[in-house]
Amino acid sequence: MESLGTEPQPCTDPDCRGQHAPAERVALAVALCAARGNKLTTLRRHVLELLWERGRPTGAYALIEALELRYDRPVGPPTIYRALEFLISQRLVSKIESRNAYVPRAHPERQHDGLFFLCSICGASTELEDPRVLRVLAEDAAALGYRVDRRVVEVQGACPNCVPAGAV
Ligand SMILES: [Zn+2]
Ligand SMILES: [Zn+2]
């Protein structure tokens, strides 16, 4: 799981569906944190690596289990929640509220908020960037006089692998 040595390559594809190599995205996270003067500690990096390897929204307790296996010692929930809080504050991870789970953000190098399609059959998630949705939300917030702090849109459904062809 060693990811250092992989060169980060900021993504320039506007239609990218986030199919990046986990090691490259973790290397990018290390570089982004360093550029912001924050440190991606070993534990924080391991949490991010695990999320990238799972490739689907993962709950805190599944992360704890995986880390305990890796470290061969107990890992307290507060430790994990602090690491997740840091990763969220750095826009490296999004929390999927409807599942109480976490996913790595495909493009932390970009300033955008997540639009997540979530498959309720296999558990997969797809992150999308759609400037149209963000524009509408910004307009609505302005009309209501809201200051927006968090803007994660979660859409539940069945992914193409779980819907028989032609059934949509
Ligand atoms: Zn990309
Ligand atoms: Zn599915």
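Biologist: Hi! Where is Asn-100 found?

Modeller: Hello! In this predicted model, Asn-100 sits in the loop between β1 and β2.

Biologist: Is Asn-100 buried or exposed there?

Modeller: Asn-100 is exposed, because 11 other C-beta atoms lie within 10 Å, and a residue counts as exposed at 12 or fewer.

Biologist: What is the phi of Asn-100?

Modeller: Its phi is near 50°. That is a positive value in a residue other than glycine.

Biologist: And why would anyone remark on that?

Modeller: Because most residues other than glycine have a negative phi.

Biologist: Got it. Which residue follows α4 with a positive phi?

Modeller: That would be Arg-91, with phi near 60°. Arg-91 belongs to the loop between α4 and β1. Arg-91 is partly exposed, with 18 other C-beta atoms within 10 Å.

Biologist: What about the residue after α3?

Modeller: α3 is followed by Asp-72, and the phi of Asp-72 is positive too, near 55°. After α1 comes Gly-37, with a positive phi near 80°.

Biologist: Okay, let's talk helices. How many residues does α4 have, and how far does it reach?

Modeller: Helix α4 covers residues 77-89, which is 13 residues. From first C-alpha to last, α4 reaches 18 Å, close to the 18 Å expected at 1.5 Å a residue.

Biologist: Which residues of α4 are buried?

Modeller: Ala-83, Leu-84, Phe-86 and Leu-87 are buried in α4. Looking down the axis of α4, the buried residues fall within an arc of 160°, so they line one face of the helix.

Biologist: And what does the face turned away from the buried side carry?

Modeller: There you'll find the exposed residues Pro-77, Pro-78 and Ser-89.

Biologist: I'd like to follow Leu-48. Which residues does Leu-48 touch, not counting residues up to four places away in sequence?

Modeller: Leu-48 touches Val-26, Ala-29, Leu-87, Leu-92, Val-93 and Pro-104.

Biologist: Now the core. Which residues touch the most other members of the largest nonpolar core?

Modeller: This core has 19 residues, and Ala-29, Val-47, Leu-48, Leu-51, Leu-87 and Val-93 touch the most other members. As for where the core comes from, α1 (22-35), α2, α4 and β2 each supply at least two of its residues.

Biologist: You mentioned α1. How many residues does α1 have?

Modeller: α1 has 14 residues and reaches 20 Å from its first C-alpha to its last, close to the 20 Å expected at 1.5 Å a residue. Its buried residues are Arg-25, Val-26, Leu-28, Ala-29 and Cys-33. These cover an arc of only 155° around the axis, which puts them on the same side of α1.

Biologist: What is exposed on the other side of α1?

Modeller: On the other side, Ala-34 and Ala-35 are exposed. As for the buried residues of α1, what covers them includes α2 and β2.

Biologist: New topic: where does Glu-7 lie?

Modeller: Glu-7 lies in the segment before α1. Glu-7 counts as exposed, with 9 C-beta neighbours inside 10 Å.

Biologist: How far apart in space are Glu-7 and Ser-98?

Modeller: They are 34 Å apart, C-alpha to C-alpha, and 91 residues apart in sequence.

Biologist: Last one. Which helix does Tyr-71 lie in?

Modeller: Tyr-71 lies in α3. With 11 other C-beta atoms within 10 Å, Tyr-71 is exposed. The C-alpha atoms of Tyr-71 and Thr-6 are separated by 23 Å, and those two residues are 65 residues apart along the chain.

Biologist: Thanks, that helps a lot!

Notes
Residues numbered from 1 in each chain as written. Chains lettered and ligands numbered in written order. Predicted model: local features only at pLDDT ≥ 70, side-chain atom pairs only at ≥ 80, totals over all residues. Helix = DSSP H or I, 4+ residues; strand = E, 2+ residues; numbered from the N terminus. Expected span 1.5 Å × (residues − 1). Buried ≥ 20, exposed ≤ 12 C-beta atoms within 10 Å, placed from the backbone. Arc of directions from axis to C-beta. Core = buried A, V, L, I, M, F, W, Y, C linked by C-beta atoms within 7 Å. Contact = placed C-beta atoms within 7 Å.
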